[in-house]
Amino acid sequence: MNLPTPLRPLAHRDFRVYWAGQLVSLVGTWMQQMALGWVVTRLTQRAVLVGALTVVGTLPMGVLAFKGGQLADRTSRRNILIVTQAVLGLLAVSMATLSYTGHLDLTWVFVLSALLGVATAFDLPAAQAFAPELVPRQDIPRAVALMQAIFHGSRFVGPAIAGLAIDRWGEASAFLLNGLSFLAVIASLLLIPPRHPAAAAPGAAQRGAGGIGVGFTYVWSDATLKRLLLLIVACMLFAFPFVVSLMAYYARYVVHADAAQMGRIMSASGLGAVVGSGILVLVGARGWRPRIAIGIVLVSFGVVGLGFARTPEVAALLVGTMAVGTSFYLGTITQVVQQRVPNEIRGRVMAIFMMGMMSVMPLASLGLAALADLVGLDRLLVACGVAFGVTTTVLALTLPRETAVPAVELPAPIE
């Protein structure tokens, strides 16, 4: 199949099938995210409870990501994904049932969010390590960018559909459609032939042995990876909590959006991220440091600007700008990490980066939500935007100035 260079990974049949299945499923996932935000902000007006929900839903990912990454390197990533996607689908249907019967209160939201976090802890490391093994190594940066494109593209489509569905059919409809969407990705995984575990590849058995300590040692031995991990942590502290945890609260209580307007604000985030991801697909692995710098500027501007916005339309514009920056920033970091790391330990290394996101972000969300109740979310946004810009600029200026990916020797296994 002859395709333009930016779309070259889609020439590989297995990647193409998996990509299409994920496209459908992720639209449903973002429908559920928007619906959950609407439900929670209807049930409570306290920002700290919204932050607490983020802790319950994402902290299990930070705690269990190590085990998920180790499992992804030692067993079939395809089989892991079939199981986790089925579990996530069942949980979505459970939410739909509780919502339809009028029993979806805060207690159930917290319980089901915790279960979603546990399942995702095993799903994400396998998913992030699975896509790169479906293409040749030279196509990994663009494969990662294409996966980022549908992740963010679904952020554009999903919330908009959810907002309309909630207005017309109620909250349960968004959860049900998400549950059904998992059938697409499960079907795509069943169409892909089974693969041997990464550690079973020729010459990889010794390098794939050991626990999560191998991944930590590998990251710590590579100065670039270590700095990129700190850049992710900074984003999770000062910027990402407003996108993942507090955006629904911001939309409802700062710019006073209704369900359809909230959907459009969240869709603007997806649209901006699609633009950013599309550029990443076009440029491949070239010039990654300037892309991180552009991301820092756009994210800082977006977060500070949200502190001054007072209408849903202005908020949507700023959220879109922030999303372009986030796409450049996090998408570029993911590209670099995926290409630098050997396949047989990729699951564990990605689990470490996932831990940097999923253990820091929920705790930061809780702290920021508590501060928002005290000083106001608008003032907090301005302060965090400035803090993000200063911290990440310092970290980016200290990135090693290598011209090529170094051949870092894999450390001996650490049990």
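Author: Helices here are DSSP runs of H or I with at least four residues, numbered from the N terminus. The model is predicted, so local features need a pLDDT of at least 70 and side-chain atom pairs count only at pLDDT 80 or more, whereas totals for chains, interfaces and linings use all residues. Residues are numbered from 1 along each chain as its sequence is written, and side-chain values use heavy atoms, with hydrogens and water left out.

F156, V157, I161, L271, V275 and I279 make a nonpolar surface patch of about 440 Å², a patch being built from residues with over 30% relative accessible area and no salt bridge, with nonpolar side chains (Val, Leu, Ile, Met, Phe, Trp, Tyr) joined within 5 Å. A salt bridge would be a side-chain nitrogen of Lys or Arg within 4 Å of a carboxyl oxygen of Asp or Glu, and the accessible areas come from the Shrake-Rupley method with a 1.4 Å probe. At least two residues of the nonpolar patch come from each of α5 (140-169) and α11 (259-283). I161, which is placed in helix α5, counts as partly exposed because its relative accessibility is 35%, where buried means under 20%, exposed over 50% and partly exposed in between.

Turning to another helix, V48 lies in α2 (residues 47-74) and is buried, with a relative accessible area of 18%. Not counting residues up to four places away in sequence, V48 touches L366, A369, A370 and D373, contact meaning heavy atoms within 4.5 Å. From C-alpha to C-alpha, V48 and D73 are 37 Å apart in space, and they are 25 residues apart in sequence.

Notes. Patches are made of residues with over 30% relative accessible area and no salt bridge: like charges are joined within 9 Å, nonpolar side chains (Val, Leu, Ile, Met, Phe, Trp, Tyr) within 5 Å. Buried means under 20% relative accessible area, exposed over 50%, partly exposed in between (1.4 Å probe, protein chains only).
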